[in-house]
Amino acid sequence: MIPTDTHLQIGSLLFEGLDQIDLTGPFEVLSRVPNSTYRIYGASPEPVRDVRGLRMLPDATLRDAPRLDVLHVPGGHGQEALMRDAAILGWIRDQAAGASHVLSVCTGALLLGAAGLLVGRRATTYWNAVHLLPFFGAEPVDARVVIDRDGEDRTWVFAAGVTAGIDGALRLAAELRGDEAAQGIQLGIQYAPEPPFDSGTPGTAPPAILARARAAAADITARREATARAIAAELGIRVPGGDPR
């Protein structure tokens, strides 16, 4: 927990083709953290569209971002286009080095991996990409939220897919300002989910539903795996058997 009289700079990465709830779910939590400034940063000041077409606008560009205390990296299909973007990866690497807390949501974890930041870490990501984590040197954990620490220097919060970002952000809020502050935020946004179906994970979804979801994502999954394999070779990471699934 960080002293409440310490002002926090919290920043989220915005990019074309992200999944908006990977950004806006945590925004609902992190923008309410006491004594903090929350802003969204993009590669340019131009608006972008999320994977479903929602138009979004950054507050400022990456080069205008201050040294962040909390870095939030969302995911979505657009993540794949950034896996070789030296400017984006360099910004993530630089900001993570100075931050006390880093939150990734969904395939934002793969961007951290491409930046070389997952080696030796316990992590999670979207269910259809979790098998790629070992290519970045990470230990995959089957959990909605995973917390990993660099001693007292830095805390890493990894949230699984999409809506898990809200859970991850609440865990992060508790790390920053304590449980009571996080509980107050949870009440303020009335976060008490009661889903109508128990189909939110591969383990609970009906087999036919899961098969259709895997088929629909086959192209992006294959591209992600090819990129992950190439990055693993560059990082000198050998995945036993070649395919961790």
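How many residues has helix α4, and how far does it reach from its first C-alpha to its last?

1. Helix α4 covers residues 164-177, that is 14 residues, and reaches 20 Å from its first C-alpha to its last. This is close to the 20 Å expected at 1.5 Å a residue, the expected span being 1.5 Å times one less than the number of residues. Helices (H or I, at least four residues) and strands (E, at least two) are DSSP runs, numbered from the N terminus.

2. On the basis of the numbers, this is a predicted model, in which local features need pLDDT of at least 70 and side-chain atom pairs count only at pLDDT 80 or more, while totals for chains, interfaces and linings use all residues. Residues are numbered from 1 along each chain as its sequence is written, and side-chain values use heavy atoms, with hydrogens and water left out.

3. Glycine 178 follows α4 and has a positive phi, near 100°.

4. On the sheet, 7 strands form an open arrangement in the order β5-β2-β1-β6-β7-β11-β10, with mixed pairing. The edge strands, each pairing on one side only, are β5 (60-61) and β10 (145-150). Two strands count as paired if DSSP finds at least two bridges between them. Strand β10 runs antiparallel to β11 (residues 154-159), and 6 bridges join the two; in one of the pairings, isoleucine 147 has valine 157 of β11 as its bridge partner.

5. On glycine 42, the residue sits in strand β2 and is buried, with a relative accessible area of 3%. Leaving aside neighbours within four places in sequence, glycine 42 is in contact (heavy atoms within 4.5 Å) with Leu14, Pro58, Ala60, Thr61 and Leu62.

6. On backbone torsions, most residues other than glycine have a negative phi. Asparagine 35, in the loop between α1 and β2, has a positive phi near 55° and is partly exposed at 35% relative accessibility. Glutamine 190, in the loop between α5 (179-188) and α6 (207-216), has a positive phi of about 45° and is exposed, with a relative accessible area of 69%.

7. On the chain as a whole, there are 7 helices and 11 strands. The radius of gyration is 17 Å, close to the 18 Å that the globule rule gives for 245 residues, so the chain is as compact as a globular protein of that length. The radius is taken over C-alpha atoms, and the rule is 2.2 Å times the number of residues to the power 0.38. Buried residues make up 50% of the 245 residues.

Definitions and conventions. Buried means under 20% relative accessible area, exposed over 50%, partly exposed in between (1.4 Å probe, protein chains only).
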